[in-house]
Amino acid sequence: MFSALSAGFGLSLSLIVALGGQNLFLLRMGLGLHYRGPLVLAAIASDGTLMALGVLGLGSVVTAYPDALRWLTLGGVAMLVLYGGAALRRAWQGEALEGAQAESRAPSPRATSLTFLAITFLNPHVYLDTVGLVGAVGSRYEGALQLAFLAGAISASAVWFTSLVYGARLLLPLLKTPRAWRVLDSVIAAILLLLALALWGSLPSP
């Protein structure tokens with residue numbers, strides 16, 4: 001039982017700890033102290049649902065429809081370019097966010113929700129990793145061991161997202177000046193645009 005639990009935890013953590021669009025979005029929201037609790041819960045619920053679908057045997061659906069995967073990839077490229085462009089704009093303008101100032105500049109709940117949904121579900125790697133890979137490994141277990149594997153995988157998501165969003169506050173002392181925020185947003189923009197380029201290169205053939 002413990003081996004299945006630890007296997008799920010280790011695999012999920014190895015997939016989720018990466019500088020992807022979702023992690024960068026959550027990091028910046030954590031730095032701005034915006035909607036941290038709801039975002040953590042939404043991220044855990046999203047990952048948990050997708051991993052559960054994969055472990056329960058629906059992972060093959062991801063690879064069964066190449067046309068759908070192609071359109072999903074195009075959507076992911078567009079999402080990364082848009083969010084990367086927004087980071088470039090912030091880098092150009094510069095921001096120094098802390099305390100009440102950070103709260104006063106919080107994006108609207110609607111904008112935050114739409115951005116989170118887009119940056120999470122328009123990323124084809126989310127389905128290939130959480131549904132496909134985690135599902136393929138988890139489907140090898142049966143009964144209680146399968147549930148233990150799934151619990152371990154979801155626990156890894158919970159630990160990571162909570163640490164990322166709430167731990168971001170530890171970086172605030174380093175981000176008190178507009179220049180520091182420009183550097184941060186420049187790095188975020190570069191990573192997202194490189195991810196978009198890599199995703200475009202992996203676009204499935206029609």
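Trainee: Where is tyrosine 35 found?
Mentor: In this predicted model, tyrosine 35 sits in the loop between α2 and α3.

Trainee: What is its phi like?
Mentor: Tyrosine 35 has a positive phi of about 50 degrees, although it is not a glycine.

Trainee: Which residues does threonine 112 contact, leaving aside its neighbours within four places in sequence?
Mentor: Threonine 112 is in contact with Phe25, Met29, Tyr35, Leu39 and Pro107.

Trainee: Buried or exposed?
Mentor: Threonine 112 is buried: its relative accessible area is 4%, and the cut-off for buried is under 20%.

Trainee: Back to α2. How many of its residues are buried?
Mentor: Helix α2 is mostly covered, with 11 of its 11 residues buried.

Trainee: At what angle does α2 pack on α9?
Mentor: Helix α2 (residues 21-31) and helix α9 (residues 143-167) pack at about 45 degrees, and their axes are 7 Å apart. That angle makes α2 oblique to α9.

Trainee: Which residues meet there?
Mentor: From α2 there are Gln22, Asn23, Leu26, Leu27 and Gly30; from α9, Trp160, Phe161, Leu164 and Val165. The residues of this contact divide into 6 nonpolar, 3 polar and no charged.

Trainee: What about the largest nonpolar core, which residues have the most contacts inside it?
Mentor: The largest nonpolar core has 29 residues, and Phe25, Leu26 and Leu31 have the most contacts inside it. The elements giving two or more residues to this core are α2, α3 (36-58), α5 (66-93), α7, α9 and α10 (178-201).

Trainee: What does the second core include?
Mentor: The second core is separate and has 11 residues, among them Ala4, Leu11, Met51 and Leu150.

Trainee: Different topic. Where does arginine 90 lie?
Mentor: Arginine 90 lies in helix α5.

Trainee: Buried or exposed?
Mentor: Arginine 90 is buried, with a relative accessible area of 13%.

Trainee: How many residues apart in sequence are arginine 90 and serine 186?
Mentor: Arginine 90 and serine 186 are 96 residues apart in sequence, while their C-alpha atoms are 8.4 Å apart in space. Across the protein chain, residues 24 or more positions apart account for 90% of the contacts with a separation of 6 or more.

Trainee: How many helices and strands does the chain come to?
Mentor: The protein chain has 10 helices and 0 strands.

Trainee: And what share of the residues is buried?
Mentor: Buried residues make up 44% of the 206 residues in the protein chain.

How values were computed:
Residues numbered from 1 in each chain as written. Predicted model: local features only at pLDDT ≥ 70, side-chain atom pairs only at ≥ 80, totals over all residues. Heavy atoms only, no water. Axes fitted to C-alpha atoms, helices over the stretch in contact; angles between N-to-C directions. Helix = DSSP H or I, 4+ residues; strand = E, 2+ residues; numbered from the N terminus. Parallel < 35°, antiparallel > 145°, perpendicular 65-115°, else oblique. Contact = heavy atoms within 4.5 Å. Nonpolar A, V, L, I, M, F, W, Y, C, P; charged D, E, K, R; others polar. Buried < 20%, exposed > 50% of the residue type's maximum accessible area, 1.4 Å probe, protein only. Core = buried A, V, L, I, M, F, W, Y, C linked by side-chain atoms within 4.5 Å.
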